[in-house]
Amino acid sequence: MTATLDRPSSAAAGTPVWTIGAPRLLAGLDRFPVIDYPTHLAVHGPMPGSDLERVLTQLDGVGLAGRGGAGFPLAAKLRAMPAHGRRRVVVNGTESEPASRKDRVLLTRAPHLVLDGALAVATALGAAGTTVAVHDEAVATALRAAVAQRPDRVDVVVVPGGFVSGEARAVIRSLDGGPALPPGRRTPPTEHGDLLANAETFAQVAVLLRLGWRRFAETGTHHEPGTTLLTVGGAVGRPGVVELPLGTPLGIVLAAAQAAVAQAVVIGGYHGAWHPPIPRITLDRAGVASAGGSFGAGVLLVVDEQTCALGELAVATRWLADQSAAQCGPCRFGLPALADDVHQLYRGAPNAVEIAFRHVRAVSGRGACAHPDGAARFVTSALHMLQDEIEQHAHAGTCGRPVLNRLGVTA
Amino acid sequence: MADPAGGSDGSDSGTGSGMTTWYIARGAGLSALVLLSISTGIGALVSARLPGRPSSRVIAQYLHRTVASLALAVLGLHVTAILADSFAKVGWLHALVPFTAQYRPFWVGLGTLAVYAFLLVGVTGALRGRMAGTDSGARNWRRLHAAAYAGWGLALLHGLRSGTDSGVGWVRWLYLACLVVVAGCVTARVVVGAPQSDTLPIGARA
Amino acid sequence: MRLEIDWTRCDGSGLCAELLAERITRDEWGYPLIADSRVAEDDRSARRAVAACPALALRLAHA
């Protein structure tokens with residue numbers, strides 16, 4: 001068994017995009033491969049002025065939450081910013097979640113929506129600078145070309161690293177010349193004058209300020225209005241990045257994505273959870289949370305009946321262990337131990353379940369960032385779901401199916 | 001030996017109560033160096049990733065603090081006695097401002113600098129628990145407390161070159177012993193590594 | 001007050017578990033497991049453990 005997964009391809013050029021309902025963020029991408037500034041203005045219209053009061057009114061009107069995974073309300077971040085001193089707006093475009101492509105699609109194909117939102121927030125806050133942090137050189141190149149078409153000044157910075165380097169404080173630390181690793185203390189970036197949000201969040205801000213909160217709320221759910229981007233992958237006929245109203249039932253998305261008959265779906269990506277393919281689970285933060293999971297950064301992976309789910313889990317857990325920055329002992333030693341446990345289960349060892357749950361507890365809540373907790377949630381949810389599989393492997397040594405790497409590749 | 005006492009054994013320049021502070025200054029200086037060497041050595045070891053039970057580290061920390069406190073007290077006695085002594089002719093200003101003393105200004109000045117270094121080390125040592133609570137404090141603590149190594153080196157040179165008794169045989173052996181203790185402990189620490197180095201946790205080795 | 005561990009600093013020396021045996025145990029790799037992190041303002045043994053941590057990883061935070 002290997003521990004490697006296909007790393008995200010650097011460019012999003014090959015990622016198909018489609019929509020359920022009317023597109024907002026992805027508007028125009030059916031006609032244009034890349035939306036340049038004049039086209040952007042033609043598609044979306046001019047950006048209205050943005051003072052802090054108006055921005056906060058609009059954000060509060062729809063309770064806009066961050067789209068990077070944590071789901072923190074953006075208005076609360078704005079209010080937590082210091083009134084004086086150095087203030088900076090940072091677009092987190094690192095998209096280090098391995099299965100996610102949505103931010104790459106936005107930043108390479110509809111970059112001006114993200115830039116509009118970031119610059120509007122910067123103006124509202126009176127921030128001195130706006131920075132976009134990305135992992136891929138190709139994304140940076142596309143973004144710099146987009147910035148050059150505008151009168152505004154935006155810095156595009158490539159920050160290095162893997163999964164945990166995309167964590168908000170790791171991005172800030174890297175921008176400030178430090179290592180791209182989460183620091184040991186959980187102080188929010190706003191404390192030092194940094195307003196950081198995910199790329200899609202700023203694109204949503206641009207849409208919200210143009211539409212106004214009432215029209216923005218014409219789609220989506222009552223508590224989570226608007227649309228969301230979702231990266232769909234695994235055993236589906238139409239993989240790619242999808243824009244859909246928040247609250248869309250899983251069954252509709254699976255049908256639209258031409259998903260194979262599923263034994264499980266993974267919602268939220270590698271810090272998300274495994275779920276049975278229950279069609280009525282709604283795809284919004286509250287809906288996925290009530291199903292025991294996390295919407296995360298918006299990833300849906302389909303694990304079909306043709307693949308060995310336990311093998312898929314073993315590969316994914318090994319990958320998660322490899323992504324530990326080895327900064328914090330419990331994560332550094334606990335995740336590899338957990339990966340060994342899952343591999344033992346795959347090999348048919350029956351007693352490994354208890355040890356695996358012990359190691360899940362050993363990593364939970366014991367790290368500088370959310371990686372051990374996210375990994376623990378991912379593995380726990382899978383172990384609960386795959387009890388029959390585990391028994392089958394313990395009984396016969398295998399389930400007879402190959403590992404088709406459904407969690408590793410999208411698009 | 002060219003020293004104010006005029007003799008290598010330091011005893012032929014005078015006797016009687018007038019010389020008491022002078023004897024105290026010399027004795028306290030030597031004692032301070034010995035104690036500082038011991039506490040610096042233990043200090044290097046307590047933060048090293050040496051194997052052994054945690055309880056032995058607790059005892060080592062206790063020893064480090066106790067010996068260091070004693071060393072600072074004896075160092076204070078050394079400075080006080082020098083100032084009080086009419087024979088040494090070191091005034092407050094000469095003691096406070098390095099390199100202004102009349103006798104061997106450079107080497108006496110190193111002693112002044114060493115005192116400053118150990119004052120910083122003492123203050124950071126006392127504030128250790130408090131500094132651990134803030135990010136910048138935890139980051140800077142090790143750096144500031146490492147002034148002990150500089151202070152110890154300065155103190156050794158100061159004693160060797162401006163000390164009255166440096167020519168005496170057993171005193172020379174004492175200096176050598178101080179050097180061996182600190183160098184040995186620092187070497188041990190460098191070899192096994194400081195905390196946060198890329199090795200197994202101490203508990204995982206057992 | 002609350003006992004907190006900076007996991008990026010902690011190297012599992014075990015001193016805190018030694019000094020605060022009633023509330024801190026160690027996991028299979030030697031890292032501390034805090035049973036109850038709440039600490040009274042005047043808890044001297046907790047303060048002593050914070051001061052003793054060789055890695056400056058243990059701290060008291062205002063809850």
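Where in chain C is the place of Leu56(C)? Leu56(C) sits in the loop between H2 and E4 of chain C, where helices (H or I, at least four residues) and strands (E, at least two) are DSSP runs numbered from the N terminus. Its phi is near 55 degrees, a positive value in a residue other than glycine. Leu56(C) is also buried, with 24 other C-beta atoms within 10 Å. Here a residue counts as buried if 20 or more other C-beta atoms lie within 10 Å of its own, as exposed if 12 or fewer do, and as partly exposed in between, with C-beta atoms placed from the backbone.

A few words on the model itself. This is a predicted model, in which local features need pLDDT of at least 70 and side-chain atom pairs count only at pLDDT 80 or more, while totals for chains, interfaces and linings use all residues. Residues are numbered from 1 along each chain as its sequence is written, and chains are lettered from A and ligands numbered from 1 in the order in which they are written. The predictor gives the complex an ipTM of 0.92 and a pTM of 0.84. For chain C, pLDDT (the predictor's confidence in each residue, from 0 to 100) averages 89, and 98% of the residues score at least 70.

Chain C meets chain B through 24 of its own residues, which are in contact with 20 residues of chain B; contact means that the C-beta atoms of two residues, placed from the backbone, lie within 7 Å. On the chain C side, helix H1 (15-19), helix H2 (44-52) and strand E4 (58-61) each supply at least two residues. That side divides into 14 nonpolar, four polar and six charged residues. In this count Ala, Val, Leu, Ile, Met, Phe, Trp, Tyr, Cys and Pro are nonpolar, Asp, Glu, Lys and Arg are charged, and the others, Gly among them, are polar.

What about the inside? A nonpolar core is a set of buried Ala, Val, Leu, Ile, Met, Phe, Trp, Tyr and Cys residues joined through C-beta atoms within 7 Å. The largest one holds 155 residues, and Val114(A), Val121(A), Phe202(A), Val265(A) and Cys53(C) touch the most other members. Helix H5 (residues 111-125) of chain A gives the most to this core, with ten residues. Leaving aside its neighbours within four places in sequence, Cys53(C) is in contact with Ala132(B), Leu15(C), Cys16(C) and Leu58(C). There is a second, separate core of 39 residues, which includes Ala95(B), Leu110(B), Val115(B) and Cys178(B).

Over in chain A, strand E3 (residues 129-134) is mostly covered, with five of its six residues buried. E3(A) pairs with strand E2 (residues 88-93) of chain A in the parallel sense over six bridges; pairing takes at least two DSSP bridges between two strands. In that pair, Gly93(A) stands opposite Val134(A). Strand E4 (residues 155-158) of chain A also runs parallel to E3(A), joined by four bridges, and there Thr131(A) stands opposite Asp155(A).

Chain B has nine helices and zero strands. Of its 206 residues, 38% count as buried. Among contacts in chain B with a separation of 6 or more, residues 24 or more positions apart account for 71%. Phe99(B) lies in the loop between helix H3 (92-96) and helix H4 (105-126) of chain B, and its phi is near 70 degrees, again a positive value in a residue other than glycine. Phe99(B) is partly exposed, with 14 other C-beta atoms within 10 Å.
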